[in-house]
Every structure is written in C-alpha cells, then in structure tokens.
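Dear colleague,

I am handing over a structure that I would like you to read alongside the notes that follow. Please keep the sequence and the 3D view open while you go through them.

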Amino acid sequence: MIEPRSAGFWIRAVAALIDFAVVALFTVVFAGAYTTLLHALGGQTIGKMIVGVRVVVGDGEPPPLGTALLRYLAYFASAGIVTLGFVMAGLRQDKRALHDLIAGTRVERLPRAAAPEPVEPPAVSAEQSTASGAA
C-alpha cells in the first residue's frame with residue numbers, strides 16, 4: 001500500500017496561484033459584462049444611477065455595444081500608468097479620462113428632477129364659506 005505524502009509549500013503555492021487566476025478571470029469577465037452591457041443599454045451602471053451620471057457618445061445617446069466594450073478594455077490603459085488615465089478626468093477641462101478619449105465617450109450629469117409645484121388648497125368662495133357656516 002502506498003502512503004500519501006504531505007503536500008509541500010511549492011505545490012500548494014502553485015495550486016493557490018491557479019485558483020487566484022481562475023477567480024481573477026471570473027471577476028474580470030463579470031466586471032466586463034456588467035460594465036459593458038449596462039453602459040450599452042442605458043449608459044449607467046448601478047453606481048452611476050445612484051450618483052446621477054451617465055456615459056454617452058457624441059449625440060448624447062448611450063454608447064453602442066462595441067464602444068461600451070472598448071471603453072471597458074480602455075480602463076486597463078487608464079489604470080496601467082499609475083492610474084493617471086483616471087486622474088485625467090480631474091485635470092482636463094472636458095473632464096474626460098483616458099478611457100473616454102479612447103472610446104469617444106464622455107460622462108455627463110443628469111439634470112436634477114424639477115421640484116414639484118406646491119399644491120395649493122382650492123379657493124373657497126364667500127358663498128361656500130357662508131353656506132358651510134350656516135349648516
């Protein structure tokens with residue numbers, strides 16, 4: 001009978017690296033699908049909906065699927081240079097990050113919803129007030 005050997009550090013490290021790669025790949029694929037599809041459908045991820053901004057192309061419409069995918073892939077270029085591609089949005093006059101420039105998109109604030117007009121009680125005529133007081 002062959003007795004099992006204990007697994008050493010290096011074989012366990014390789015197994016962990018493989019597992020991390022699988023999880024990272026799943027995360028990147030999920031993040032890409034989430035970001036790309038939501039931007040293409042309405043220009044907004046859940047976070048963008050909450051803060052009231054959206055991604056648009058030149059005509060103010062949500063980006064087409066291919067443009068949304070390109071914008072997601074360009075996130076890696078924005079992050080790659082010590083995240084300076086993201087910082088560009090704070091430094092540029094037009095507030096576009098590197099991934100926006102690559103994909104031809106921009107992020108714009110949604111107009112705030114107009115405050116509802118105050119509802120005034122209906123006016124009561126002198127005849128109505130006299131009639132209700134007499135009853």
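Phe76 has a relative accessibility of 45%, and so it counts as partly exposed. Please bear in mind from the start that this is a predicted model.

Tyr72 has a relative accessible area of 9%, which means that this residue is buried, the cut-off for that word being under 20%. Tyr72 and Phe76 form an aromatic pair of the edge-to-face kind, with 5.6 Å from centre to centre and 85° between the planes. Why are Tyr72 and Phe76 separated by about one helical turn? They are separated in this way because they are 4 residues apart in helix α3. Ring pairs also link Tyr72 and Phe76 with Tyr75 and Phe86, so that these four residues form a cluster.

In total, the structure holds 5 aromatic pairs. Another of them joins Phe9 and Trp10, again edge-to-face, with 4.8 Å from centre to centre and 80° between the planes. Both Phe9 and Trp10 are exposed.

**The chain as a whole**

The protein chain has 135 residues, of which 21% count as buried. If you take the contacts with a separation of 6 or more, 50% of them are accounted for by residues 24 or more positions apart. The chain exposes about 10,300 Å², and carbon and sulfur atoms supply 68% of that area.

Most residues other than glycine have a negative phi. Val82, however, has a positive phi near 50°, and Thr83 has a positive phi near 60°. Val82 has a relative accessible area of 69%, and because the cut-off for exposed is over 50%, this residue counts as exposed. Thr83, at 40% relative accessibility, counts as partly exposed.

Val82 also belongs to a nonpolar surface patch of about 530 Å², which is made by Ile81, Val82, Leu84, Val87 and Leu91. Within this group, Val87 is placed in helix α4 and counts as partly exposed, with a relative accessibility of 37%.

**A buried aspartate**

The side chain of Asp100 makes a polar contact, at 2.9 Å, with the side chain of Arg71. If residues up to four places away in sequence are not counted, Asp100 touches Arg71, Thr105, Arg106 and Val107.

Definitions and conventions. Residues numbered from 1 in each chain as written. Predicted model: local features only at pLDDT ≥ 70, side-chain atom pairs only at ≥ 80, totals over all residues. Heavy atoms only, no water. Buried < 20%, exposed > 50% of the residue type's maximum accessible area, 1.4 Å probe, protein only. Polar contact = N/O pair within 3.5 Å; in protein donor to acceptor, adjacent residues only side chain to side chain. Contact = heavy atoms within 4.5 Å. Phe/Tyr/Trp six-rings, centres within 6.5 Å; stacked < 30°, edge-to-face > 60°. Helix = DSSP H or I, 4+ residues; strand = E, 2+ residues; numbered from the N terminus. Areas by Shrake-Rupley, 256 points an atom, 1.4 Å probe, with all protein chains shown as cover. Patch = residues over 30% accessible without salt bridge, like charges linked within 9 Å, V, L, I, M, F, W, Y side chains within 5 Å. Salt bridge = Lys/Arg side-chain N within 4 Å of Asp/Glu carboxyl O.
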